Amino acid sequence: MDEFGADPPDRDSYRTPTLAIQFQPHPGLLTQTREFVRSFCGTFVRDPDAVYRLTIAAHELLENSIKYSSDGTTNMTIECHTGERKSRISIRAENRATPERVRAVRDAIETLRDADDPFQLYCDLIKASVDRNAHSGLGLARICVEAACALDYRVTGDQLAIFAETYVDHGGLE
Amino acid sequence: MNSLTLAPLTLAGFEAVPSVKDATIELALRGNADMTVSATLGKYLKELDAQTRHKGVRAVHVKLGDLYFLSSSCFQAIAAWVLSIAGRAPEDRYTVHFETHAAQGWQKRSLEAIRRVAPAVTVVS
């Protein structure tokens, strides 16, 4: 049990509602998938703002996968670890990625984790992004700052997994 | 003020509707601003900017009451618009006033970053 009373993911699995999606990313499916994620999270989290934060995180991870997945497939898993006072929500997106993409994600996440002021870093990234014509590069920073999620990553071969995790007030899951 | 020659932008699940009201321009953004919208929205805002400057308008009110989601790529398009205004000489600037909806609490949080990077031309209410 962690500091908020949430069970670890490998215990009491019946108390860990999980949504797993194998997604063939297509921009036209984003809205429907996001609404599905919102509905799932809204079942366990009462605060609409917290649900929106989770929806942003899931959406940005999916949008990234559309842009960068090497083979067009992404596996996304969302787990709600309910505790007595708070619930821990974990979102994992995993896909094949090029070495360049892996380096970019590693650098972005480590820079965000090391930042003294992540919001100022986000603002700096916004300014830097406006000269780009293609991808904004703001997605991970937005997950960190706007969705208030802790970010992590894991690389296994050419598989890149990105983790976004946050705590929300207990949603009353019985 | 003459009316705009800019037509509403209508895409799947999203629309941008401009109008002239008194001495300002209103732009209502509605629906879900997903990544499929971003490139078109960016071009549209450039055209809106050109017409706003041409008419000497001092403020654009962006109404967000019916905007339900803003992806980072569309956020970037809006940031690029606002930062381009902020980068001009003061006499060539106009104010962008984002009118958020209380029921969409994310809007103020998202737009706070834009207000921070371009405080001279951005109002969020």
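These legends go with several close-up views of a predicted two-chain model.

Residues are numbered from 1 along each chain as its sequence is written, while chains are lettered from A and ligands numbered from 1 in the order in which they are written. Because the model is predicted, local features need pLDDT of at least 70 and side-chain atom pairs count only at pLDDT 80 or more, whereas totals for chains, interfaces and linings use all residues.

**View 1. The open sheet of chain A.** Five strands line up in the order E1-E2-E3-E5-E4 with antiparallel pairing; helices (H or I, at least four residues) and strands (E, at least two) are DSSP runs, numbered from the N terminus. Two strands pair if DSSP finds at least two bridges between them. At the edges are E1 (18-23) and E4 (150-156) of chain A, each pairing on one side only. From one strand to the next, the twist averages 15°. Look for E2(A) (residues 74-82) and E3(A) (residues 86-96), which pair in the antiparallel sense over nine bridges. Within this pair, Thr74(A) stands opposite Asn95(A) in E3(A).

**View 2. Helices lying across the chain A sheet.** H1(A) (residues 30-44) lies across E1, E2 and E3 of chain A and runs at about 15° to E2(A). Axes here are lines fitted to C-alpha atoms, for helices over the stretch in contact, and angles run from 0 to 180 degrees between N-to-C directions. H3(A) (residues 99-114) lies across E4 and E5 (159-169) of chain A, running at about 150° to E4(A).

**View 3. The mixed sheet of chain B.** Here six strands form an open sheet in the order E1-E2-E3-E4-E5-E6, with mixed pairing. E1 (9-11) and E6 (122-124) of chain B each have a single partner strand, so one side of each is left without a neighbour in the sheet. The twist averages 15° from one strand to the next. E1(B) and E2(B) (residues 14-21) pair in the antiparallel sense over three bridges, and Thr10(B) stands opposite Glu15(B) in E2(B). H3(B) packs on this sheet, touching E4 (59-70), E5 (95-99) and E6 of chain B, and its direction makes about 160° with that of E6(B).

**View 4. Two helices of chain B side by side.** The axes of H1(B) (residues 35-55) and H2(B) (residues 72-86) come within 8 Å and cross at roughly 15°. These two helices are therefore roughly parallel to each other (angles under 35 degrees count as roughly parallel, over 145 as roughly antiparallel, 65 to 115 as roughly perpendicular and the rest as oblique). Residues making the contact include Leu41(B) and Leu45(B) of H1(B) and Ala77(B) and Trp81(B) of H2(B); two residues are in contact if their C-beta atoms, placed from the backbone, lie within 7 Å.

**View 5. Where chain B meets chain A.** The contact takes 21 residues from chain B and 21 residues from chain A. H1, H2 and H3 (106-117) of chain B each supply at least two residues of the side that touches chain A, and H2(B) gives the most, with seven residues.

**View 6. A helix pair between the chains.** H4(A) (residues 118-129) and H3(B) pack at an angle of about 70°, with their axes 10 Å apart. H4(A) and H3(B) are therefore roughly perpendicular to each other. Tyr122(A), Cys123(A), Ile126(A) and Lys127(A) of H4(A) make the contact with Ala113(B), Arg116(B) and Val117(B) of H3(B).
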